[in-house]
Amino acid sequence: MFFDRCCPGCGGRARHVCRACLAALTPGGELCLDQLTHTFALYCYDDRSRQIILAAKNGGRRDVLRVLGAQLGRLPLVDSADIITWVPASVAGRRRRGYDQGRILARALARQLNVPVRPLLRRAAGQSQAGKNRLQRIQGPVFRAATAAPKTVLLVDDVVATGASLSAAAVALRGAGADFVIGVAAAASVRPADLATNLYSDDTQRLRR
Ligand SMILES: [Zn+2]
């Protein structure tokens, strides 16, 4: 079969990310973040996943974002949400890229789960996380809810660094009426050993049931 695109992982011809590169990524797991009922990252953010995620996030590879978004459907508890939303990118980031990566991830996941997807959050102006130091990142951006939130919200993000963005977004969703906020991200910059539970551990299997 001929593909006119290349896999951002290995450079080989592929429709999006090749099977081998997806299979080689380090599985993520559960993170413990303030304000979130549960948070799961699909992969650990390491050299392998970074190449793929940066191509998706900053390299215009919306096709790769859609693959990653559909893969989020493998995470525990994702089917328990009333609605799916995402952590909105900054206006500057969205302009630079031409798209909001979280929105593409969320829409692909929504299609996979057949759950409605809505833009529930707005980011306060001038709140890009890129180029900030660690302290500024920990303080995180400020979000406000654009509308009332249902009881259980699935909140999508691309990469979790400190968790500040997800926590700040969850505060806004709770303020708008959500009782349960489940965070999911394509990757988290933690070592597998630092995850609360690994994606394929017995604990997570128990959560799935
Ligand atoms: Zn590949």
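For the helix pair, each axis is a line fitted to the C-alpha atoms over the stretch in contact, and the angle between N-to-C directions runs from 0 to 180 degrees. Please bear in mind that the model is predicted.

On that basis, helix α3, residues 62-71, packs against helix α5, residues 101-113, at an angle of about 45 degrees, and their axes are 7 Å apart. On the α3 side, the contact is made by Arg62, Leu65, Arg66, Leu68, Gly69 and Ala70. The α5 side contributes Gln101, Ile104, Leu105, Ala106, Arg107, Ala108, Leu109 and Gln112. Sorted by class, this contact has eight nonpolar, three polar and three charged residues.

Let me now turn to the protein as a whole. It has eight helices and eight strands, and 42% of its 209 residues are buried. Of the contacts between residues at least 6 apart in sequence, 73% join residues at least 24 apart.

Finally, which strand is largely enclosed by the rest of the structure? That is strand β2, residues 38-44, because seven of its seven residues are buried. Strand β1, residues 27-31, runs antiparallel to β2 and is joined to it by four bridges, with glycine 29 opposite alanine 41 of β2. These two strands form a hairpin with six residues between them, and glutamine 35 in the turn has a positive phi of about 80 degrees. β2 also pairs with strand β7, residues 180-188, in the parallel sense over six bridges. There, threonine 39 stands opposite glycine 183 of β7.

Key
Residues numbered from 1 in each chain as written. Predicted model: local features only at pLDDT ≥ 70, side-chain atom pairs only at ≥ 80, totals over all residues. Contact = placed C-beta atoms within 7 Å. Nonpolar A, V, L, I, M, F, W, Y, C, P; charged D, E, K, R; others polar. Buried ≥ 20, exposed ≤ 12 C-beta atoms within 10 Å, placed from the backbone. Pairing = 2+ DSSP bridges.
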